[in-house]
Amino acid sequence: MNMHHGYPTETLVRFLKARDWNVQKAHKMLIDCLQWRIQNEIDSILAKPIIPTDLYRSVRDSQLVGLSGYSKEGLPVIAIGVGLSTYDKASVNYYVQSHIQMNEYRDRVVLPTATERYGRHISTCLKVLDMTGLKLSALNQIKLLTTIASIDDLNYPEKTKTYYIVNVPYIFSACWKAVKPLLQERTKRKIQVLQGCGRDELLKIMDYSSLPHFCRKEGSGSSHHSSNGTIDNCFSFDHTFHQQLYNYIKQQATHIKTGLPIKQGSVHVDFPEPDLEDTEIAKTIESEFQKLADQNGLCNSLNGLKVNSD
């Protein structure tokens with residue numbers, strides 16, 4: 001097992017940073033992570049494709065994430081359609097499996113390739129989060145999103161240099177006010193909420209060709225379908241990144257099980273106990289969404305009264 005990919009010191013530093021340089025806590029975190037990897041056979045998760053292909057396409061259509069390109073410094077740019085992801089086309093286990101596969105592919109393939117291409121060690125990525133279409137119904141997914149966040153926090157710490165949040169609706173702004181004070185300083189410094197689709201700010205750090213499709217034109221607001229069809233939409237299963245990733249997983253599966261049919265069914269991964277910080281954030285988001293829902297209900301009933309009194 002090689003979770004440090006040839007950089008053991010840097011891996012230790014990531015875990016130390018995640019525990020504010022407390023050696024005992026970082027040591028425990030690292031041991032827990034290694035145990036989680038062994039118990040859930042994470043080393044072989046890239047040899048377990050989600051099949052049939054139609055099921056994987058459904059996962060891609062409802063868990064919107066992809067690689068749109070690279071920053072000028074060579075960091076992979078990962079785009080996430082937070083507002084329009086529905087997580088309703090497959091069981092929770094498939095979404096978690098797919099998320100871990102993308103993490104592992106990033107660490108084993110994408111980052112080493114970027115390191116080679118840019119001639120310097122690249123170990124982190126940038127994430128652009130699109131809030132287009134965020135609705136109160138997103139509350140239904142809070143449990144799954146907290147699970148995914150905990151898997152990242154506990155087992156893939158310090159892999160994201162900056163989170164850029166774009167196409168922000170009112171509902172996000174209201175939540176952000178309540179959530180921001182709960183975040184550690186370290187996390188707060190990594191998050192930038194940009195104006196509109198963020199295009200101008202992002203063009204300072206990446207070329208136009210690496211911009212996620214939902215940042216391409218001011219006021220685009222279209223996260224799922226871009227004007228250039230699926231080729232530029234890095235969420236699409238037909239995008240080069242997803243084609244490469246899926247083919248890689250299928251190839252790994254045939255290497256391991258030569259001559260045997262590939263098994264169907266999801267990989268069951270133990271969900272870690274959420275970090276206290278993650279639990280607190282989830283609770284705060286729930287209560288903020290509830291407040292907004294109540295306000296909405298009040299507005300709707302007042303509108304109803306107006307209509308009836310005409």
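Buried residues (under 20% relative accessible area, with exposed over 50% and partly exposed in between, for a 1.4 Å probe and protein chains only) make up 47% of the 310 residues in the protein chain. This is a predicted model: local features need pLDDT of at least 70, side-chain atom pairs count only at pLDDT 80 or more, and totals for chains, interfaces and linings use all residues. Residues are numbered from 1 along each chain as its sequence is written, and side-chain values use heavy atoms, with hydrogens and water left out.

Me: How many helices and strands does the protein chain have?
Reply: Both are DSSP runs, numbered from the N terminus. Helices are H or I with at least four residues, and strands are E with at least two. The count is 10 helices and 5 strands.

Me: How far apart are the end C-alpha atoms of H2?
Reply: H2 covers residues 23-39, which is 17 residues. The expected span is 1.5 Å times one less than the number of residues. That gives 24 Å, and the end C-alpha atoms agree: they are 24 Å apart.

Me: What arc do the buried residues of H2 cover?
Reply: The buried residues are Ala26, Met29, Leu30, Cys33, Trp36 and Arg37. They lie on the same side of H2, because their arc around the axis, taken from the directions from the helix axis to the C-beta atoms, is only 125°.

Me: Which exposed residues does the face of H2 turned away from its buried side carry?
Reply: An α-helix has 3.6 residues a turn, so residues three or four places apart point the same way. The face turned away from the buried side of H2 carries Gln24, His27, Lys28, Ile38 and Gln39.

Me: Which residues in H5 do Met29, Cys33 and Trp36 meet?
Reply: What covers the buried residues of H2 includes helix H5 (142-155). Contact means heavy atoms within 4.5 Å. Met29, Cys33 and Trp36 meet Ile151, Asp153, Leu154 and Asn155.

Me: At what angle do the axes of H2 and H5 cross?
Reply: Axes are lines fitted to C-alpha atoms, for helices over the stretch in contact, and angles run from 0 to 180 degrees between N-to-C directions. The axes of H2 and H5 come within 9 Å. They cross at roughly 120°.

Me: Where does Pro52 lie?
Reply: Most peptide bonds are trans. A cis peptide bond joins Ile51 and Pro52, with omega about 0°. Pro52 lies in the loop between H2 and helix H3 (53-62).
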